[in-house]
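Work through the exercises below with the sequence and the model open. Try each task before reading its solution.

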Amino acid sequence: MTNNIGNKITDFFVNYFTLTPDLVPQDEAEKAIRDGVSFRGTNILILIIAILIASLGLNTNSTAVIIGAMLISPLMGPIIGIGLGVGVHDFDLIKRCVRNLIMAAGFSVIASTLYFLISPVNEGHSELLARTSPTIYDVLIGFFGGAAGIIGLGSRNKGNVLPGVAIATALMPPLCTAGYGLATLQFHYFFGATYLFIINSIYIAFATFIGVKLFKYKGVSTANNVRARKVRRIVYTLAILTMLPSIWLTYNMLQSNKFVMNANRFVSEECVFPSTQVLSKDAYMSNGERYIRIALIGKTIPTDSLTMALTSRLPFYGLAGTKIQIVQGDAARQSEAMTSSASDIYQLTQATISRQQTEIDSLREIARNAESARAIATTISPELKVLFPQVEDIAVTQPVFARIGAGIPDTVNVALVHFSSPLTPQQTERFRDYLKARLSLPDIRIVEVSNGITAPAHTQK
């Protein structure tokens, strides 16, 4: 009975997790991988374009743009090719993939460096800064991403595996960040991002190598077994050496997070006073020392006594050796208000500038209209001498009329004209049509000026 249950459980897992029915022949899988190894012609141009797109995404802190660049990038090809070469003992393929990967990474860093040299934005955004502190989690992402990649390439139902691997392992952003570090001479960005790219590359290749072995792909017939063992040892050594710094960085990150959590809990539980409240708290590390800065508002408490009392409680929260900084009274209010005050001043200044710019634009429009009106008479004078010789003087203006009682202003196009002899109603109408067409106006009123007294023309509307 027990054996039957055990066999059923085994059959269940074998049925769901066996890969053999879904795997393509080794030749077909190898061809798909080898075809993506080369970096010439369109591949290198697509890579450079993808790098520029990713740089724009990092520059503008746009996650969507960065994801698009990762989907475009052909960087996965040579990395998976290295894993395949190690797995089937094809040393020429390994050399070609390493050479192509170095060239691709070099072109990528150069392209991103040139972009950030000419980019007007030089601030590091969150999407950029996230690429400078790799941890053990990045090692795991690279490894599992590579595992998904080789399974996808080796199976009949590839689906969206490779695009997903390209996004998850994020090969492009570290190269862009490395270029940003070089362009701005912030070398901690360059080295951190370069290390992240190396982690992703090595562990994608390492996972590919393990996948090739699990799929039992046959090695090339001319393989040198001694050389193959040496290459495998190099791969294992690189994988371990690459992982070690990330373990240390992960440890520091976890310690920092633990310190902040303990500090917040310490302040919440210990800094409870009847007439004094905690205005703000900040836990940080500087030069290897840990600090908790507490700003209090309300009734002033003797700082020395309070610091001594709180320090004695630190060991109960795993914070022994942490230094406490107490800020009270006006200093606390000023410290807390500085950010909000600066923000208020900035918003007020921006509103004032916007209002003044609107007024300037309005005055410029008025000045342009006045200048245009002065220029119109000079422009059409030669034509008027031929078409309407009775016109001696003309001025075109746009006065604002206000209807008495209604108080609603209205702008009207008016032509002030001095005629040498009166026009017939037909001539006046033709003259008005000429002005409307010539000046591109929907309507215009003609006002006759005679001996300093204005009188409406015959067909005024």
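**Exercise 1. A loop residue and its contacts**

Which residues is Gln390 in contact with, leaving aside its neighbours within four places in sequence?

Solution. This is a predicted model.
- Step 1. List the contacts. Gln390 touches His418, Phe419, Ser420, Ser421, Leu423 and Gln427.
- Step 2. Classify Gln390. The cut-off for buried is under 20% relative accessible area. Gln390 has 16% relative accessibility, so it counts as buried.

**Exercise 2. One of the partners**

Is Leu423 buried or exposed? Then locate Leu423 in the chain.

Solution. 
- Step 1. Apply the cut-off. Leu423 counts as buried because its relative accessibility is 5%.
- Step 2. Locate Leu423. The loop between E7 and H15 holds this residue.
- Step 3. Check a distance. Leu423 and Phe388 are 35 residues apart along the chain. Their C-alpha atoms are separated by 9.4 Å.

**Exercise 3. Strand pairing around E7**

Which strands pair with E7, and in which sense?

Solution. 
- Step 1. Start with strand E4 (residues 391-397). It pairs with strand E7 (residues 414-419) over six bridges, in the antiparallel sense. Thr397 stands opposite Val414 in E7.
- Step 2. Turn to strand E8 (residues 445-450). E7 and E8 run parallel and are joined by four bridges. Arg445 in E8 is the bridge partner of Val414.
- Step 3. From E7 the chain passes through helix H15 (residues 425-439) to reach E8. This β-α-β crossover is right-handed.
- Step 4. Ala415 has Ile446 in E8 as its bridge partner.

**Exercise 4. The whole chain**

How many helices and strands does the protein have? What percentage of its residues count as buried?

Solution. 
- Step 1. Count the elements. There are 15 helices and nine strands.
- Step 2. Take burial. Of the 461 residues, 37% count as buried.
- Step 3. Take surface. The protein exposes about 26,800 Å², and carbon and sulfur atoms supply 61% of this area.
- Step 4. Take contacts. Consider those with a separation of 6 or more: residues 24 or more positions apart account for 72% of them.

**Exercise 5. Confidence**

Where in the protein is confidence lowest, and where is it highest?

Solution. 
- Step 1. Get the overall value. The average pLDDT is 78, and 77% of the residues score at least 70.
- Step 2. Strand E9 (residues 453-456) is lowest, at a mean of 48. Helix H6 (residues 91-118) is highest, at 89.

Methods:
Residues are numbered from 1 along each chain as its sequence is written. This is a predicted model: local features need pLDDT of at least 70, side-chain atom pairs count only at pLDDT 80 or more; totals for chains, interfaces and linings use all residues. Side-chain values use heavy atoms; hydrogens and water are left out. Helices (H or I, at least four residues) and strands (E, at least two) are DSSP runs, numbered from the N terminus. Buried means under 20% relative accessible area, exposed over 50%, partly exposed in between (1.4 Å probe, protein chains only). Contact means heavy atoms within 4.5 Å. Accessible areas come from the Shrake-Rupley method with a 1.4 Å probe; for residues, only the protein chains shown count as cover. pLDDT is the predictor's confidence in each residue, from 0 to 100. Two strands pair if DSSP finds at least two bridges between them. A crossover is right-handed if, with the strands pointing away from the viewer, the path from the first strand over the helix to the second runs clockwise.
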